[in-house]
Amino acid sequence: MSAPSAATVGIVEPATGLPAGALAAPRLDVDSREWLRPLHSDGAIKDEAVARLHALLLRAARFEVARRRPALPYLRGDELDDIANEAADDALMSVLRRLDDFRGASRFTTWVYKFALLEAAVKLRKRAWQGREVPLEPESWSLFSSAGLEPDAEAEQSELLSTLQSAIAEVLTPHQRRVLVALALNGVPIDVLAERLNTNRGALYKTLHDARRKLRKHLHERGLALEQWLEEN
Amino acid sequence: MERPDLKQALGRLLGPAGPEVGCEACFEELDRYVELELAGKDADALVPGLRAHFDGCPACREEHESLRALVSGEQAL
């Protein structure tokens, strides 16, 4: 696909005559202004705009459901559409609550789409793991074995894995270990783990990030060249 | 010798080497990043830290792919 021209994101013009939040925006395209004006009004005009917004969010949620459908063969069509509707409802609440946060860094429709896609993706991940145990201990290290290595490379890999396993066991806090193992080793989706541990995605990712930094530092201090395994510069 | 499985597994375990934003900052900037990408701009330079976060966070990466696909599909119409 060729890169779209600037015209495809609308004509940029000064934001005047809009409510406080939007007035602070450096620039808003015409379409975004036409979405915001009725959403900031009252009565039937606002109700109609909210209904149009919900329809837009539902379209985005259904798009996400359709993308993920092949990975969810056990879910019926009506279940998937229920998930899309719930995602659109929740996204609508989020968008209306945060309407004044929109500053025109993108088109309004792109901004609202991300709320619907997020809600749908989170619901689908949770649905896929519904009733499943969330493994917090290493299920297998077999992912790390590569067949057919030369003896030297096999010895290097063995040293790397041994150092890595002991670092996970000894360097990380118990919480960091559980989070790292669940997310990075066992493939538990972050939203699923957040729900089970009664926390949120941001806090879990911070824990994962800190654990990864500790491991990298530990391996580096032991002279293990990660570059050759990760092809990093 | 190619070791794609090992590389992927280590990548998941050790995450990106460079600086990255967290999930909240990623969500805040995602719409801007996608429009810059689709406009052919250097989104990684203009919104630093997102690409590394996509490498480290499968959930945010999937949501980036979805938003990009949805918006690019609209623009193609």
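## Model and conventions

This is a predicted model, in which local features need pLDDT of at least 70, side-chain atom pairs count only at pLDDT 80 or more, and totals for chains, interfaces and linings use all residues. Residues are numbered from 1 along each chain as its sequence is written, while chains are lettered from A and ligands numbered from 1 in the order in which they are written.

## Chain A overall

Chain A has ten helices and two strands. Both are DSSP runs numbered from the N terminus (helices: H or I, at least four residues; strands: E, at least two). The order from the N terminus is β-α-β-α-α-α-α-α-α-α-α-α.

Chain A has 233 residues, and 32% of them count as buried. Buried means 20 or more other C-beta atoms within 10 Å of the residue's own, with C-beta atoms placed from the backbone. Take the contacts in chain A with a separation of 6 or more: 66% join residues 24 or more positions apart. A contact requires C-beta atoms, placed from the backbone, within 7 Å.

## Helices α3 and α5 of chain A

Helix α3 (residues 43–68) and helix α5 (residues 108–128) of chain A have axes that come within 8 Å and cross at roughly 45°. Axes are lines fitted to C-alpha atoms, for helices over the stretch in contact; angles run from 0 to 180 degrees between N-to-C directions.

The α3(A) side of the contact includes L53(A), L57(A), A61(A) and R68(A); the α5(A) side includes V112(A), A116(A), A120(A) and L124(A). By class, the contact has 13 nonpolar, one polar and three charged residues. Nonpolar covers Ala, Val, Leu, Ile, Met, Phe, Trp, Tyr, Cys and Pro; charged covers Asp, Glu, Lys and Arg; the others, Gly among them, are polar.

## Residue A61(A)

A61(A) sits in helix α3 of chain A. A61(A) is buried because 30 other C-beta atoms lie within 10 Å. Leaving out residues up to four places away in sequence, A61(A) touches A84(A), A87(A), A88(A), A91(A), A116(A), E119(A) and A120(A). A87(A) is 26 residues from A61(A) in sequence, yet their C-alpha atoms are 6.3 Å apart.

## Interface of chains A and B

At the interface, 36 residues of chain B contact 43 residues of chain A. On the chain B side, α1 (4–14), α2 (23–38) and α5 (58–76) each give two or more residues. The largest share, ten residues, comes from α5(B). By class, the chain B side has 19 nonpolar, seven polar and ten charged residues.

Methods: Contact = placed C-beta atoms within 7 Å. Buried ≥ 20, exposed ≤ 12 C-beta atoms within 10 Å, placed from the backbone.
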